[in-house]
Amino acid sequence: MSLEIEKDFSKVGLPPGTLVHVGDQKVDQVQISIMDYDATKLWESEVPSLEDYMSSKNSPSVTWISVNGLHDLERIEEMGQFFDLHPLLLEDVVHTEQRPKMDEFEEHLYCVVKVWLYDKMNHQIQEEQISLILGNNFVISFSEDQKDFFDPIRKRLRKGKGRIRKMGADYLLYALLDIVIDNYFVLLKQLEEVVEETEDELMNQPSSMTLQQIYQLKKQTLLLSRLIHPLEEVLRKLMGGETEWIADTTVLYFRDLHDHCKRVTDTLNSYRDILSGMVEMYLSLMSNRTNDVMKMLAIIATIFMPLTFIAGIYGMNFEHMPELKSSWGYPIILTLMALVGIGMSWYIKSRKWL
Amino acid sequence: MSLEIEKDFSKVGLPPGTLVHVGDQKVDQVQISIMDYDATKLWESEVPSLEDYMSSKNSPSVTWISVNGLHDLERIEEMGQFFDLHPLLLEDVVHTEQRPKMDEFEEHLYCVVKVWLYDKMNHQIQEEQISLILGNNFVISFSEDQKDFFDPIRKRLRKGKGRIRKMGADYLLYALLDIVIDNYFVLLKQLEEVVEETEDELMNQPSSMTLQQIYQLKKQTLLLSRLIHPLEEVLRKLMGGETEWIADTTVLYFRDLHDHCKRVTDTLNSYRDILSGMVEMYLSLMSNRTNDVMKMLAIIATIFMPLTFIAGIYGMNFEHMPELKSSWGYPIILTLMALVGIGMSWYIKSRKWL
Amino acid sequence: MSLEIEKDFSKVGLPPGTLVHVGDQKVDQVQISIMDYDATKLWESEVPSLEDYMSSKNSPSVTWISVNGLHDLERIEEMGQFFDLHPLLLEDVVHTEQRPKMDEFEEHLYCVVKVWLYDKMNHQIQEEQISLILGNNFVISFSEDQKDFFDPIRKRLRKGKGRIRKMGADYLLYALLDIVIDNYFVLLKQLEEVVEETEDELMNQPSSMTLQQIYQLKKQTLLLSRLIHPLEEVLRKLMGGETEWIADTTVLYFRDLHDHCKRVTDTLNSYRDILSGMVEMYLSLMSNRTNDVMKMLAIIATIFMPLTFIAGIYGMNFEHMPELKSSWGYPIILTLMALVGIGMSWYIKSRKWL
Amino acid sequence: MSLEIEKDFSKVGLPPGTLVHVGDQKVDQVQISIMDYDATKLWESEVPSLEDYMSSKNSPSVTWISVNGLHDLERIEEMGQFFDLHPLLLEDVVHTEQRPKMDEFEEHLYCVVKVWLYDKMNHQIQEEQISLILGNNFVISFSEDQKDFFDPIRKRLRKGKGRIRKMGADYLLYALLDIVIDNYFVLLKQLEEVVEETEDELMNQPSSMTLQQIYQLKKQTLLLSRLIHPLEEVLRKLMGGETEWIADTTVLYFRDLHDHCKRVTDTLNSYRDILSGMVEMYLSLMSNRTNDVMKMLAIIATIFMPLTFIAGIYGMNFEHMPELKSSWGYPIILTLMALVGIGMSWYIKSRKWL
Amino acid sequence: MSLEIEKDFSKVGLPPGTLVHVGDQKVDQVQISIMDYDATKLWESEVPSLEDYMSSKNSPSVTWISVNGLHDLERIEEMGQFFDLHPLLLEDVVHTEQRPKMDEFEEHLYCVVKVWLYDKMNHQIQEEQISLILGNNFVISFSEDQKDFFDPIRKRLRKGKGRIRKMGADYLLYALLDIVIDNYFVLLKQLEEVVEETEDELMNQPSSMTLQQIYQLKKQTLLLSRLIHPLEEVLRKLMGGETEWIADTTVLYFRDLHDHCKRVTDTLNSYRDILSGMVEMYLSLMSNRTNDVMKMLAIIATIFMPLTFIAGIYGMNFEHMPELKSSWGYPIILTLMALVGIGMSWYIKSRKWL
């Protein structure tokens, strides 16, 4: 996850509505699949033809058109014309660096969300943009390389159990968004493990690697919250009845989703605060350690410097040093040194450093 | 209290409304008890039958159904069907990692709150979720292992004194929430003791253990505020007449509860600020201490290094060192050393380090 | 001022409205005095009888009943019944750890405020709760030990000059609150002196005592703001015409009070920021000082270590050291030492430490 | 600019509306001047008589009464009665420690603003309160010692060019406030110079004086923002049409003023953030410097301590030390010392400290 | 980008609406060009005459008058009179230190925005103010030296493709603002590179230059956010239908612009947080390094000070030191030294510093 402005550069000065694919191409060919269902029947096609589109647009049954791969701009423009999608909408679909948002167009509701995959090896988070378009009786989902991501929904549709087959396209939108937010919990779980590992490392053997780890985690947490926050806003609008696209019976489900989303935000905030506390902790531990080292140094110096000085005095070569001649000189000086050593140690202890 | 996302993992991709028990099973068997009362009579049953439910649902008297243990999903689903509870509501009851919240369903008002027990030995806070459902003339409370938690209410109901027997199910909801918030004050009291102990330790003999203690306390305070804040929101809604479930005469009591809750928030905020101040204090004390140690070291070195050097000079073995022959050499050099030592001490004092 | 939850413990599980005196008993006996006045006459009694209450309740003149001492719960309950005070209101009167707040009951307006006394000896702030109840034509004030606190008002009432005798009970409430807020300015003035003393100490001779002083001041400022903030809210409501208890002509005075209160908040915020700056300053000064000490140490070591080493070389007892025999050896080595010493000093200066 | 509560002390317990002059008396005698004008004529008087007031109050032309000096309470009370000013308003005029604010009274609009003079010698900011009262067709301005402050307006009025003579009293209020805000830009300009000087000093030769300077600047910036913020609020109200005192054609000018005021706030905020960054920078530079000093010390000690030890060994007086007798002993040991010195230097370099 | 108040000084006391050119003159002569277009035809002039203005004002086609150079106040005043621009508006056009803002006048909509150029050599950001005036069927743009800045729009207009020729003056305003915001992305991209370079430097070889770099970047980020924030506000108003100047069909485009602007803010906020983290990191690394240096010093001193002391003892010249005579003395003492050295090393390791 870079700082997200990398390729915007290529669009400077172009007229609005010009399709420019911004993002990595991850699949060779655009894959489009259609599911068309109502409570009683389900029809699927992996290679839909124009007629399939046609029927999906007009039939009273709910249709889900899932597009995987965003680089074939012609194909997408074609779809856009077919479903009457606004040029600005299409521009955002292929420009995969949007903030999560919800836009209402005259004939469609457009949602942009982000999916995250945590690459635990490199402690990297990979991000992908998913566009969801809710129209009259149909949902179109666009992603770059997340063909399997929505498979649980496909399975539920095929099984035909539960509520999903009986409800409208708005419920399908909810179901897709639900999968997206479940994905966040998976990520949070993985992040949590890393945070706890780092905390253990901090408490037991902090190194400058620990600090870099904390720094990276803070950065990631920060960037994730920046993206979750607008999503919460989107869900608040969807659940709040501000839009006519969501039926009253479905609103309850979006409220639930909003709750989940808030929990994600809360958890991310907790992580951030905990990570801040960890930096503080690290600095304190370092200052503790410096203190310990300094104490050792000061103790050694305080004891041995005076002793070495005394030895130095009697190492001088003056001819007239009466002590040197005395046969008691050596034992007396050794005793003196012992007393000085003990005295210094006692003095140090009395200052309560140890 | 972990970071709270641990088991959400198990729900990825499941259809909404699927009951999955998330949390620790703490009792062997689900215990259900019923209290049915009005101003004049009280009826209790520890092992309620289906008929008991039936009568509680329809009778004009207030019924309190208390469920202890959440692992028996069939039983809970059964109750759900009987009382017509919404699938999303039931899902949240058994999934014990909700944020505190209030949801209004068509026939019920649903509140989720948290109860905390402070384990003073390990400085750990244990958390439990309590679900309260207010219906027409009845309240259902769900908890995992808090059978005795609401005993004060049971006693008051049995005694029949005070307002509680004369008022409706909304007042019962208030009474139960009141017990929950009283529980917070108990926790705060215990936390306060630990904070003050830690403050004493900090002022008198700070160690790296003190710092870890402060770090743990900050983390706990943080996580508690995260949970108290939404509860305050819930109470604000309940007292604000935004819901029709609370009678006007009872609203006053919820206002009182809201006041208490605000006091909890205030106190937690104070703790947090005080703990932050303590980290600052710790760092300052450490830097003070390093300073003291450094000063000692510098003083010793400043006095004894020049002296040792002088001794070193007259320890040299040159044949032609006239001073060595002079009989005044030794006393003169000793005097010189004394002067250097005094001069250095004086210089140090003049720099105001001591 | 402790962290304010100490005695709440004793109330866990009690039914709401149960009177429990929380706070220190400071007077032996409850003292009640009554002042009843209108523009033309004033009547006072220090030991009011039941009849006095009766007349104060019903007479068109304004009555001020001032209660000093809160431990005699029977007496207070009696008054409560007499004036028809709500049980929750009475509970808050004797439970002296409320946040400042304003509650409207059907027949009364209830305000809780805090009075602070600064004990300059121990740098402690003592807090007392004052409850003010505004009814139809009367004001009841409850305090623990602040008999003399409202004396300026008593004097103004007796003199009969100014506006106070001509206006209603709402103006009396204003006058009482005005005294309370004037009290805050006295406290701020005293705090300011301590802050300035501490600042002087910090700039001239910072010690770890200075730091503890700053820490204490920050803690106090924090706890005071926590209490002033809700009071500002109370005054905002009173001046905003949200309540019918305040006549339009009096609202202007409450607006003035709100202004004063905001000034208190502003000043407290300034103190807090200044104190934070002082901690920063302290840490910087400490790090400066460590720096100075280190520099001294480094300079001494850099100059004398090489010199001592040279002396050490010529202190070695090898038989074949030609330099030792030369009669120029000693002066040459002394010159060398001088050069090394000067060179090292010059090198240190060139590194701009001094 | 002290912490602003100094003299409030003197008012404790006084009835509201009592005039007490709080502030320094700066002029011997109160000076009052009147300008009365419309598009065609202008009349001025430096020593207005009662009749002048009378005519200014009733004439359809705009009158500006400018009062300089606030200590003569009788005179001010007289004016108050004449123009029917509310007692609370008069109280605030002479009590020169108000927050900037706007109060609407029945017959007047009352604004309090602050003027600042930067005394660059002592890095002190002097503050003066200006009260502006807008009545029907007249404006009264009160200040302590700012007779010349509004001279640009006087000149514009005398010249009669521009809009000012053609517009009403509300435009005069605008013009006066405009001068006040222009004064802030002058102050900001002066502050900016000091901030930049301090930044230069910080980058080139930071000392503890630099830190104190930053500390002082932060404190001043803080106190200024505290006063600018309520002024912005005042202008927001004046431009927002919340008051009837400002004609629609003049509102545009107040909007412009609000813009300027926001720029002042923005600039002050920038200063504050920059000053915070400077403290951080200072601490980092100090820690850098400590590091440099430490490195020097460590290098010296690491090289010379082992060498001195070796010299010490061969300075021992044992009779049986074969090395001492060998004629190669001395050169071998010298070589050994050279090798140790080089080895240590190499080791230090390899640890990348240098 | 200075702190932006430099030249406001020159305006103190001038009547509002006085034109004073504040900013650097960058072109010799004011250049004015006109483009007049509708869906079918386009007419351009580089040296427009008065008649051209006349026709542009009245014709139903859209006219874009682009003014480059702001120092010729007469010319601008002339235009102002011709197009009936409000004096306050003209004042802001030539006073190039406005905050971004939108003002509605009776006949015009006035927008001020900022354009930034990053001078990568000196890490300086140069800022220029662009004023956009939307009137009935025309847009006037004022800039100091950005003749080429809007060239992409000129090209699109000439080509006649896309939406731009078919839509009104409000769409032209959008197109111009779009170029401005695209400019921000270019700047962000450049800033990002510097931030990442600095991060690399920090992780690999932090020096005090790195810190100064971070400090500069923080300052720039800060000042940019201060300017972006009000622009976001402007766009929010334009897209929110609060003004009648924007047609419903164009509002969608402004919504898109607002989205882009929010992304700029988000990115700047991320930078700021990341830079704050970098300062923290720097301080931690420094304290790590001090620690390492200290450890080295302490280890050396701990090992060699006792050894030197022992050598010192046997360097004393007492006549009666039996050890000196013994032929085993020397090897025994050497062994003792070795043991002490090993013992000290072992002790140090046991304290886990290494």
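## Helix packing, chain form and a chain contact

In chain E, the axes of helix α5 (residues 169-204) and helix α6 (residues 208-239) come within 10 Å and cross at roughly 150°. Because angles over 145 degrees count as roughly antiparallel, that crossing makes α5(E) roughly antiparallel to α6(E). The model is a predicted one, and every value in this report is to be read with that in mind. The crossing by which α5(E) passes α6(E) is left-handed.

On the side of α5(E), the contact is made by E:V194, E:V195, E:T198, E:E201 and E:L202, while α6(E) brings E:T210, E:Q213, E:I214 and E:L217 to meet them. Taken by residue class, the contact of α5(E) with α6(E) divides into five nonpolar residues, three polar residues and one charged residue.

Turning to a whole chain, chain A has nine helices and seven strands. The radius of gyration of chain A is 35 Å, well over the 20 Å that the globule rule gives for 354 residues, so chain A is more spread out than a compact globule. Along the principal axes, the C-alpha atoms of chain A fill a box of roughly 120 × 45 × 30 Å. Of the 354 residues of this chain, 44% count as buried, and among the contacts in chain A with a separation of 6 or more, 67% are accounted for by residues 24 or more positions apart.

In chain C, helix α3 (residues 87-94) is mostly covered, with six of its eight residues buried. The buried residues of α3(C) are C:L89, C:L90, C:E91, C:D92, C:V93 and C:V94. These residues pack against elements of chain C, which are α2 (73-83), β4 (101-104), β5 (109-119), β6 (124-134) and β7 (138-143).

Chain C also touches chain B, in a contact that takes 47 residues from chain C and 52 residues from chain B. On the side of chain C, the elements that give two or more residues are α6 (208-239), α7 (248-313), α8 (322-325) and α9 (329-350). The largest share of that side, 18 residues, comes from α7(C). The table divides the residues of the side of chain C that touches chain B by class.

| Class, side of chain C that touches chain B | Number |
|---|---|
| Nonpolar | 27 residues |
| Polar | ten residues |

Notes
Residues are numbered from 1 along each chain as its sequence is written. Chains are lettered from A and ligands numbered from 1 in the order in which they are written. This is a predicted model: local features need pLDDT of at least 70, side-chain atom pairs count only at pLDDT 80 or more; totals for chains, interfaces and linings use all residues. Two residues are in contact if their C-beta atoms, placed from the backbone, lie within 7 Å. Helices (H or I, at least four residues) and strands (E, at least two) are DSSP runs, numbered from the N terminus. Ala, Val, Leu, Ile, Met, Phe, Trp, Tyr, Cys and Pro count as nonpolar, Asp, Glu, Lys and Arg as charged, and the others, Gly among them, as polar. Axes are lines fitted to C-alpha atoms, for helices over the stretch in contact, and angles run from 0 to 180 degrees between N-to-C directions. Angles under 35 degrees count as roughly parallel, over 145 as roughly antiparallel, 65 to 115 as roughly perpendicular and the rest as oblique. A crossing is left-handed if the near helix is turned anticlockwise from the far one by less than a right angle, and right-handed if clockwise. The radius of gyration is taken over C-alpha atoms; the globule rule is 2.2 Å times the number of residues to the power 0.38. A residue is buried if 20 or more other C-beta atoms lie within 10 Å of its own, exposed if 12 or fewer, and partly exposed in between; C-beta atoms are placed from the backbone.
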